Number of protein chains: 2
Amino acid sequence: MTTLVDTSLRDLLTAFSSADPTPGGGSAAALASAVGASLLMMVAALPKTRSGSDEDRAALAGAASSLTALRHQLTAAIDADTTAYDHVVSAYKLPKATDDEKAARAAAIQRALRAATDVPLNVMRMSAQALDIAKAVAAHGHSGASSDVGVAAALLRAGLEGARLNVDINLGGIKDEAYTAAVAAEAQSLSGR
Amino acid sequence: MTTLVDTSLRDLLTAFSSADPTPGGGSAAALASAVGASLLMMVAALPKTRSGSDEDRAALAGAASSLTALRHQLTAAIDADTTAYDHVVSAYKLPKATDDEKAARAAAIQRALRAATDVPLNVMRMSAQALDIAKAVAAHGHSGASSDVGVAAALLRAGLEGARLNVDINLGGIKDEAYTAAVAAEAQSLSGR
């Protein structure tokens, strides 16, 4: 199967538009943050910096290094979110004729929902990290690229907010109260940016 | 030349990340809104509606029709923004040895800046329209897809905000005061959503 990231943008937009539930909002949120991180990398890579100082260059090199890793992981999350959602749908379709089947199905649903929560939770964490890095890029990057930093921040906030909606919707079906309490608290903390 | 929309998502993210100034924030803003409009189309196309009523079905059919046109135009704006920016760069590189050359160059810069303002201004208009349509999709669409509507709205707001930054930065170089006043007023009005 072709992955979403190896699909042309035109075909990807068609896939988002179709009544098929995947790809959906979770993959779209990861995509927004991946584009945001990419734009910050561009500004960090420009030959011009804010003042041309060694301090600018060092700060932007540090930002670029962190952003490279974040972009890689956010890109992987675009497909991971769709895969995780497909597993939830498959788990709900498991047989439930006997008590054993019912127990196995319930356990599979719980495992799948947890995985489908962990993907957007990680997107939230990475988007929050990239938003912190955006401040350094704004402070040390070329002032002519300030609109690119602004667009990047808007996309990262949309990715953070969109991932939060996907965390919340999956968390509603998870029965492990210690897990749901910990995730809800972390999601709340990450959203206040 | 391959267009951005015919590029794989993976290669597009690499292009956004590179020190080459295009594609930049303007194309990224159009992309965010194109994904947002696509997600709304998905929800409008689902077999399930909010209450299963004929009213739901009619409202979602109307939304889908408007969204199809908006998605088409927002997708075109992804490449149009990059083309418009490239024309601004080319205009600044025109010769300026003689008075005639200086006048021709100044006029070319003004034309290019105006085109580079009109593209994100249109992205703002279309994002605002799609945000209005999102309210109808939220009211009449399947409640199980509410997180997809929420992600769509977050992306459309990011697209609107990002396009605004690109309108503002280009408007700064335009000398036609009647044009700049009209665009600034419209951008301000569209942003208040």
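Reader: How much area is buried between chain B and chain A?
Author: About 3,700 Å². Carbon and sulfur atoms give 68% of that. Buried area here is the accessible area (1.4 Å probe) that two parts lose on being put together, summed over both. This is a predicted model, where local features need pLDDT of at least 70, side-chain atom pairs count only at pLDDT 80 or more, and totals for chains, interfaces and linings use all residues. Residues are numbered from 1 along each chain as its sequence is written, chains are lettered from A and ligands numbered from 1 in the order written, and side-chain values use heavy atoms, with hydrogens and water left out.

Reader: How many residues does the contact take from each chain?
Author: 49 from chain B and 49 from chain A, with contact meaning heavy atoms within 4.5 Å.

Reader: Which surface do the copies meet through?
Author: The same one, because 100% of the interface residues of chain B are also interface residues in chain A.

Reader: And how many salt bridges across it?
Author: Four, counting a side-chain nitrogen of Lys or Arg within 4 Å of a carboxyl oxygen of Asp or Glu. One of them pairs D6(A) with R10(B), with the closest N and O atoms 2.9 Å apart.
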